[in-house]
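Hi everyone, thanks for making time this morning. I'd like to walk you through one model, so let me put it on the screen.

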Protein chains: 2
Amino acid sequence: MRQIGIGIAGFGTIGAGVYKHLVGNRRLLCERLGLELSVRKIADLDHERPRPLMPPKSMLTKRWEDIVEDPEIQVAVELMGGIDLPLRYVMAAIEHGKIVVTANKALLAEHGAEIFRVATEKNVPVFFEAAVAGGVPIIKSLREAFVANHIRSIHGIVNGTSNYILTRMTQSGLGFAEALKEAQDAGYAEANPALDINGWDAAHKAIILASLAYGFWVNGKDIHVEGIESVTAADIEFAQKMGYKIKLLAVIKAEGDCEAPGSESKCPIEVRVHPTLVPQTHVLASVNGVFNAIAVHGDVVGETLFYGRGAGQDATASAVISDLAEAAVAIDTPRPNCGFQPHGLYGKCKPIDEIVSQYYLRLSVTDKPGVLAQIASLLASREIGISSVIQPEALEGEPVPLVLMVHDATQGQMNAAIGEIAALECVKRAPQVIRVEPFC
Amino acid sequence: MRQIGIGIAGFGTIGAGVYKHLVGNRRLLCERLGLELSVRKIADLDHERPRPLMPPKSMLTKRWEDIVEDPEIQVAVELMGGIDLPLRYVMAAIEHGKIVVTANKALLAEHGAEIFRVATEKNVPVFFEAAVAGGVPIIKSLREAFVANHIRSIHGIVNGTSNYILTRMTQSGLGFAEALKEAQDAGYAEANPALDINGWDAAHKAIILASLAYGFWVNGKDIHVEGIESVTAADIEFAQKMGYKIKLLAVIKAEGDCEAPGSESKCPIEVRVHPTLVPQTHVLASVNGVFNAIAVHGDVVGETLFYGRGAGQDATASAVISDLAEAAVAIDTPRPNCGFQPHGLYGKCKPIDEIVSQYYLRLSVTDKPGVLAQIASLLASREIGISSVIQPEALEGEPVPLVLMVHDATQGQMNAAIGEIAALECVKRAPQVIRVEPFC
């Protein structure tokens with residue numbers, strides 16, 4: 001049986017999972033593919049740490065260059081983590097004509113444009129199914145299944161750690177810090193969870209999804225990213241009373257009528273990551289724990305949703321191996337597309353100040369008559385309407401929470417209004433503002 | 001720009017949708033694919049009926065042979081409906097070396113083995129994403145994304161009509177006949193809804209999914225199929241009281257340990273379609289209306305779920321066009337796989353009598369002491385345990401409902417027990433038996 005030579009750089013959790021499943025499901029893979037995915041070299045500095053399945057010593061090296069330079073290797077897998085070293089390795093592999101498979105979302109979000117420019121020049125495919133939402137085949141679906149669609153919107157829960165934390169806060173009334181501690185104890189959050197918590201892991205994935213959907217590489221500097229650190233147990237409780245759950249969403253949207261035939265329109269797209277109130281009736285509100293889910297709305301296919309494990313050794317390995325199978329087919333194929341096809345229908349991101357949204361607004365106010373009237377008239381002066389208000393009880397003499405849901409407003413309008421509200425004497429703490437996606 | 005010549009046989013709802021979107025999103029498709037999907041001929045007996053977009057007269061023919069015989073056409077699309085004529089057309093297209101795209105689930109379920117045998121001999125790919133769950137890319141996901149996985153189970157809501165009917169019965173307490181009438185009025189059910197209602201449309205899709213997952217063509221005679229006609233409003237209400245919703249599910253399962261290395265085991269798989277009690281906490285329970293959803297559990301990827309529109313002009317056209325894009329790439333590609341790759345790890349279906357399940361059992365009994373004891377001891381004598389019982393109130397003198405949830409039992413055990421229960425003097429009507437999927 002024909003063998004495809006594979007080199008894996010990075011033998012951490014994911015690399016070890018890929019090796020384990022390639023060996024464990026070897027027979028099934030051979031039968032389905034009619035060829036063998038054969039690991040020839042694994043590069044990692046640490047050869048001693050135990051892995052679920054240890055390869056023969058002769059397969060291990062400490063130099064990624066050994067993979068790039070090996071003529072018996074056709075596919076170079078990048079599972080190193082970090083950015084600089086993976087970039088050097090991936091570029092060297094492309095230069096050597098090797099097909100690249102990577103799970104590295106940060107690498108692609110920051111250097112995707114450069115990587116795919118060179119890959120296209122050299123006619124070398126780069127596959128990256130595992131970079132977004134692990135076992136959920138969202139890259140393949142966007143690239144292939146929805147090829148006929150203008151993508152109207154993508155709403156994704158794409159960071160399992162923050163979804164786990166928000167789920168635990170919702171289910172048990174835990175505060176953020178306690179829920180984070182629980183996630184760390186359960187192995188769902190790193191000792192340094194910064195990228196998960198501050199929204200940037202999700203943002204890297206949003207950049208990749210938006211770039212595929214709209215055909216140009218989105219720059220991280222042009223998007224709006226907020227993490228979940230500021231979400232409180234009180235916000236979750238008030239949101240629930242109003243019929244919502246709070247999720248960290250990647251939101252990607254294009255306006256409907258950008259592509260008038262013959263126009264050279266460059267409609268700005270929205271790309272943002274932030275805690276979001278999602279109606280409890282929407283299926284995304286039911287996605288709990290470390291699971292990921294991505295809702296894609298296409299102009300032809302309508303609403304779709306994909307759900308599965310977004311991280312972890314096994315789910316990620318499943319995605320990497322599916323890329324290896326594609327790579328094996330691609331070796332002998334004329335390549336119309338090396339993994340990213342520019343299609344300049346859109347071409348820029350809308351600044352966050354211009355983005356229209358609904359908002360949840362939680363204030364801490366003095367408990368006396370006239371406060372709501374004062375705030376409502378201030379919002380009205382900025383042309384911001386209020387759709388509902390709740391004012392829960394508080395202890396005698398304490399400031400009381402005042403929770404408002406407000407109609408569509410730009411971020412610019414809201415910032416101006418919030419600045420004025422925060423300065424009111426009756427407002428006792430910094431206002432909490434969370435966006436709402438009504439999904440209608 | 002390079003053109004791919006396409007012929008479409010069948011210019012009904014789906015064919016008209018494919019043509020409309022190929023033209024409407026032509027610019028986007030050209031940019032993404034780097035080639036043009038160009039419709040050359042459309043075969044249909046009716047040239048007069050209005051379609052959303054009418055092609056030039058010169059494109060229309062009444063003979064499908066004109067497509068098969070046209071050297072300018074590389075891809076033959078089959079959207080005729082029925083079985084005999086589509087089979088002749090598809091076989092003729094393969095003989096002429098044309099890549100085939102079909103949305104015809106009945107054709108593949110009945111003649112898949114034959115079609116793919118000839119396609120493989122002739123080295124001609126056959127694509128069929130639209131045959132199962134319309135806009136949901138489940139075929140591509142099973143074939144490609146989950147290539148590394150032994151599929152443990154597939155649970156699918158794959159018939160939109162019956163899901164609409166069950167949803168309306170659940171939401172409004174309608175009876176089956178009223179809900180069916182409503183579905184017909186809303187255009188979600190055909191004037192003759194037999195295949196939707198009796199489970200066979202879902203069964204055709206189950207056959208295709210099972211065949212892809214397990215590598216051999218499942219025979220319709222070997223599977224168990226029940227429709228939703230016998231589900232009553234009372235069943236839906238009692239199921240809800242016990243924490244379940246009733247869905248028409250396609251259930252496909254394999255036991256875990258079939259592929260001991262080196263074994264030639266042929267583990268039987270389960271393939272069945274029937275009304276099913278689904279726990280309200282499972283996401284499938286929240287799939288309402290005409291939407292489809294398919295949960296796939298793979299040994300590597302874990303739990304996944306796909307959701308979207310399963311039918312209708314647009315969602316189906318989206319899937320057909322994704323197949324056309326694949327076909328365009330496949331024209332110049334060496335073909336390791338013509339659309340179905342046998343991989344004989346399993347190889348036969350388990351007879352329904354041997355399948356173990358949990359059951360919901362609704363009896364209509366005389367309202368007097370000792371009835372439950374009598375039924376419980378009869379079940380116990382067949383080694384069938386009871387997990388819960390509810391007995392709602394009834395009118396004085398009327399038979400009362402008695403609802404039992406029973407533990408794992410084979411269909412054989414249950415049939416024997418039900419036969420005896422039905423013969424009891426205290427049991428007034430034919431027992432209602434519905435399977436339960438506990439998803440754990």
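I'll go from the domains to a helix pair and then to the contact between the chains. Please keep in mind that this is a predicted model.

Let's start with chain A, which is divided into three pieces: domain 1 covers 3–137 + 316–330, domain 2 covers 139–309 + 345–349, and domain 3 covers 352–436. The centres of domain 1 and domain 2 of chain A, taken over C-alpha atoms, are 27 Å apart. Where these two domains of chain A touch, 16 residues of domain 1 are in contact with 18 residues of domain 2. On the domain 1 side, that gives 10 nonpolar, 3 polar and 3 charged residues.

Now the helix pair. In chain A, the axes of α5 (residues 105–122) and α10 (residues 200–214) come within 8 Å and cross at roughly 55 degrees. That angle is why α5(A) counts as oblique to α10(A). The crossing of α5(A) past α10(A) is left-handed. Among the residues that meet here are A:Leu108 and A:Ala109 from α5(A), and A:Ile207 and A:Ile208 from α10(A). The residues of this contact divide into 5 nonpolar, 3 polar and 2 charged.

On to the two chains. Their contact takes 54 residues from chain A and 53 from chain B. Which element of chain A gives the most to the side touching chain B? That is α12(A), with 9 residues. The chain A side as a whole has 24 nonpolar, 19 polar and 11 charged residues.

Last, a strand pairing: β12(A) and β12(B), residues 302–309, run antiparallel over 5 bridges. There, A:Tyr307 stands opposite B:Leu305 in β12(B).

Key: Residues numbered from 1 in each chain as written. Chains lettered and ligands numbered in written order. Predicted model: local features only at pLDDT ≥ 70, side-chain atom pairs only at ≥ 80, totals over all residues. Axes fitted to C-alpha atoms, helices over the stretch in contact; angles between N-to-C directions. Helix = DSSP H or I, 4+ residues; strand = E, 2+ residues; numbered from the N terminus. Parallel < 35°, antiparallel > 145°, perpendicular 65-115°, else oblique. Left-handed = near helix turned anticlockwise from the far one by under 90°. Contact = placed C-beta atoms within 7 Å. Nonpolar A, V, L, I, M, F, W, Y, C, P; charged D, E, K, R; others polar. Domains from an automatic or database assignment. Pairing = 2+ DSSP bridges.
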